[in-house]
Amino acid sequence: MPVKRSDKTPMPVHDAQLRAHDFVEVNTGYTPAHAAFEAERCLRCQDAACVDGCPVNIPIPDFIHAVAAGDMPKAAQILRGANPLPSICGRVCPQENQCEAQCHMLKRFNPVAIGHLERFVADWERTQPVTAKPNITRKEKIAVIGAGPSGLVCAGELARLGYSVTVYEALHAPGGVLRYGIPEFRLPKSVLDWEIGVLKAMGVEIVCNVVIGRTIKMDDLFENMGYAAVFIGTGAGLPQFLGIPGENLNGVMSANEFLTRMNLMGGYKFPENDTPMKVGKRVAVIGAGNTAMDAVRSSLRLGAEAAYIVYRRSEKEMGARVEEYHHAIEEGVDFRWLTNPLEVVDDGNGWVSGLKCQKMKLGEPDASGRARPIPIEGSEFVLPVDNVVLAIGTTPNPLLTRTTSGLMTNKKGCLVADESTGLTSKALVFAGGDAVTGAATVILAAGAGKRSAQAIHEALQQAPVAAH
Amino acid sequence: MSQFEIVSREDFSEVTYLLEVRHPQMARAARPGQFVIVMLNEHGERIPLTIADFDRHRGTITLVIQAVGKTTKQMQQECRVGTSLFGLVGPMGIPTHIGKPKKVLCVGGGLGVAPVFPQARALKEAGAYVIGILGFRSKDLIFWEDKFRAACDELILCTNDGSAGMKGLITDGIAVALAGHADVDECVAIGPPVMMKACADATRARRIKTMVSVNPIMVDGTGMCGGCRVKVGDDVKFACVDGPDFDGHLVDFDDLMTRLRRFTPEEKRAEQRWSDSCRMPQ
Ligand SMILES: Cc1cc2nc3c(=O)[nH]c(=O)nc-3n(C[C@H](O)[C@H](O)[C@H](O)COP(=O)(O)OP(=O)(O)OC[C@H]3O[C@@H](n4cnc5c(N)ncnc54)[C@H](O)[C@@H]3O)c2cc1C
Ligand SMILES: Cc1cc2nc3c(=O)[nH]c(=O)nc-3n(C[C@H](O)[C@H](O)[C@H](O)COP(=O)(O)OP(=O)(O)OC[C@H]3O[C@@H](n4cnc5c(N)ncnc54)[C@H](O)[C@@H]3O)c2cc1C
Ligand code: SF4
Ligand code: SF4
Ligand code: FES
């Protein structure tokens, strides 16, 4: 029976003093005792609103019930049936806006720690032998472009449906943002590698070092290579810059460059790994989303003595997951809210010496519904820093659309795709994830990949394509 | 079959070597002016190298590399026929626009000599009168003279010490060419930034359209990091996806050169560490 306890069972963590200087995962995970204790809190609601809050509608009460009953194989099976990346989503979903935001417990207490429990089950599953096997029953081959969460999930679903699938990835390793963006201390690469291992065991082929549009043209996939359908999951990797003076100075980087050097290239282990990654004594990160938190917390780990978040709005408008924000505070990140960067200051030799900022106050809501920041006259000051990292957003990479005819995009450069199927303006070409929505979340990308896999399956059954 | 296998190698000098790598898809897709990103091994850096030649029948691409630092020196030591690269991706960048110039200078210096070759050949095939101008430090560093002679209508060789061709810098070669031809309508210049800057300055007065191929530090090469950004006129461009060719009269070379020094201490450290490890008895 459910047990009334107001607080979430806290997630055990790696000590803040220590972890601010290493790359070990911060959350160490529930023990079986923690998990059982927390699972008992779930009310097993008839109209479980938490399920509606989850973009892939995991039957949350059922899996939590299985945890409470100690039936781990069943819990794992329920999870995986709905979400092909539970070990990742349990770690990185913004639960406070999704499943946990709808939990009935919230009316009086803290919500059930759905994410922590999901992670617990998925981590247990990773200790078990992989049982997935190839099951190719269909003659059609499908190509997936991009090995981020949307592409990987789409590939996994298609393989389950019996198709042979090839995923083409531009970088030398699969995972998309999960590989190059989200740091080891939040999502260990071993977790990602395990999930990719499952896909490979299912017979999914992943070919890295191929840029579709350059190495292989999109049309060649159909015409010369015999693919029956294509899924595009190329993400939103194009970094934005502010266009303020001094942005080209040495020491200014996009968060993508910073994180790619560190994560994908392993630059935090320079010189053991060849790609250099360094920060000075003081680092300012502009922005307040997950990307900004990852960059600022990484700066401390790379040796910065002071690491600032510079954000022109207030704490309330911050886009990052609450947990990351709390961890960042514990680790000693210095938050400068209502501070707008105006100019990167040159030290006279082409390097950054500071960030000139202006204080802001909040005014009326703007088009996005958030309070509009208004500059305070005469409040300019220079924050002395050695590095400036821009984490102010990304847009879809135009590489593929520039080199492919007939793919429609909207004003923001996002692919135009049908909401329920992901079908683009090109026949038998589907798309999902950040490439369609603009920068969003892992679970939304995964959900889109899954939906498109079903849509591809239906499209191919309706109109069987002659073998090329 | 291992991927990205090295099928032939040639050493032009102590510092310059050629690798021909098997990659049939890329050989089919490649166009002059494009480049690849290479990774020597799993822990290596991603480095950009121009596709100096490609052979669709053999299914290979050719890279000509100058050993200047850790990665390029390690490649010089380790890349033998039969070995493979860990990563090779491309062709990256926008192919050079081969217009219909009547008379064109193709200028290559240092690590730019090889990359300018496919452009010279393509321009020649497009019907242009091609004047090749190549700069080397001395006679023993010269390579591909025969290939250039075949692709160019005229070839001006410059060496710093005068041991072959005319004695002088590449800009002296340009001055000779411009003095002899009043009707040059285009110039392509590839080499170290200082050289490209000097070339752009040399053609500016006569308003000869001058295309340069910039070489900023890159990471992904797919437009994802912005590390390769260069100032071109009033714009900031990503060299890997918007270039690498830009109007030499608009490129801010000083900015490019400053940005190339971003990791100088780290580059030195990496190279030192590597050369120390090479000297250690196995
Ligand atoms: C630093 C950072 C932290 C984040 N933190 C969180 C978080 O905590 N929680 C959360 O839910 N979300 C988070 N996000 C957002 C989330 O990671 C993305 O929404 C998600 O990864 C999008 O998945 P995707 O499959 O659409 O694309 P991506 O993950 O971007 O993957 C796209 C892949 O396609 C490849 N590609 C692109 N073009 C081509 C081509 N032409 N040919 C071949 N391959 C190509 C790319 O190299 C890339 O590997 C974060 C994002 C960043 C950058
Ligand atoms: C589009 C493009 C095409 C290129 N084509 C060729 C070519 O055909 N042949 C050739 O020999 N070289 C070429 N280069 C330069 C080559 O990439 C660098 O020489 C190489 O990365 C140096 O690596 P390293 O570890 O050996 O030396 P390092 O010690 O790391 O660097 C030595 C010098 O090279 C510069 N450099 C370092 N990393 C890079 C990088 N990622 N990109 C560019 N410059 C860098 C540094 O500023 C430094 O001055 C090209 C560069 C670009 C951007
Ligand atoms: S996938 Fe994300 S939203 Fe869905 S239940 Fe898990 S943590 Fe919640
Ligand atoms: S809403 Fe909360 S309490 Fe109810 S089933 Fe979902 S997790 Fe359990
Ligand atoms: S190399 Fe990363 S954007 Fe050009």
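Predicted model: local features only at pLDDT ≥ 70, side-chain atom pairs only at ≥ 80, totals over all residues.
1. A polar contact is a pair of N or O atoms within 3.5 Å.

2. A polar backbone atom of Val177(A) is 3.0 Å from an oxygen atom of the ligand. For Ala440(A), a backbone N or O atom lies 3.2 Å from a ligand oxygen. How much of ligand 1 does the protein cover? On its own, ligand 1 has 1000 Å² of accessible area, and the protein covers 94% of this.

3. Which elements of chain A give two or more residues to the shell around ligand 1? They are helix H9 (149–160), helix H14 (290–301) and helix H18 (442–462). H14(A) supplies the largest share, three residues.

4. Now the shell of ligand 1 as a whole. It counts 34 residues. The closest are Val92(A), Ser150(A), Glu169(A), Arg186(A) and Asp434(A). By class, 17 residues are nonpolar, 12 are polar and five are charged. Two domains of chain A each give at least three residues: domain 2 (141–237 + 395–462) and domain 3 (241–392).

5. Turn to ligand 2, with chain B. Its surroundings comprise 22 residues. Pro48(B), Thr50(B), Gln66(B), Thr72(B) and Leu260(B) are the closest. Pro48(B) also makes a polar contact, with a backbone atom 2.6 Å from an oxygen atom of ligand 2. Thr50(B) uses its side chain instead: an N or O atom there is 2.9 Å from a nitrogen atom of the ligand. Gly69(B) places a polar backbone atom 3.3 Å from a ligand oxygen. Of the 840 Å² that ligand 2 exposes when taken alone, the protein buries 89%.

6. Ligand 4 is back on chain A. Among the residues around it are Cys42(A), Cys45(A), Cys50(A) and Cys103(A). Others in this shell include Leu43(A), Arg44(A), Pro61(A), His104(A) and Met105(A). What is the make-up of the shell by class? It has 10 nonpolar residues, one polar and one charged.

7. A word on the cysteines. How many disulfides does the structure hold? Zero, over all chains. Cys45(A), from the shell of ligand 4, has 22% relative accessibility and so counts as partly exposed. Cys240(B) counts as buried because its relative accessibility is 3%. The cut-off for buried is under 20%.

8. Asn387(A) deserves a look. It belongs to strand E14 (residues 387–390) of chain A. Is Asn387(A) buried or exposed? Its relative accessible area is 7%, so Asn387(A) is buried. A polar atom of its side chain lies 2.7 Å from the backbone nitrogen of Gly280(A).

9. Last, Glu78(B). Its place is in helix H2 (residues 70–78) of chain B. Glu78(B) counts as partly exposed because its relative accessibility is 37%. Along the chain, Glu78(B) and Glu266(B) are 188 residues apart. Their C-alpha atoms are separated by 22 Å.

Key:
Residues numbered from 1 in each chain as written. Chains lettered and ligands numbered in written order. Heavy atoms only, no water. Near = heavy atom within 4 Å. Polar contact = N/O pair within 3.5 Å; in protein donor to acceptor, adjacent residues only side chain to side chain. Areas by Shrake-Rupley, 256 points an atom, 1.4 Å probe, with all protein chains shown as cover. Helix = DSSP H or I, 4+ residues; strand = E, 2+ residues; numbered from the N terminus. Nonpolar A, V, L, I, M, F, W, Y, C, P; charged D, E, K, R; others polar. Domains from an automatic or database assignment. Disulfide = S-S within 2.5 Å. Buried < 20%, exposed > 50% of the residue type's maximum accessible area, 1.4 Å probe, protein only.
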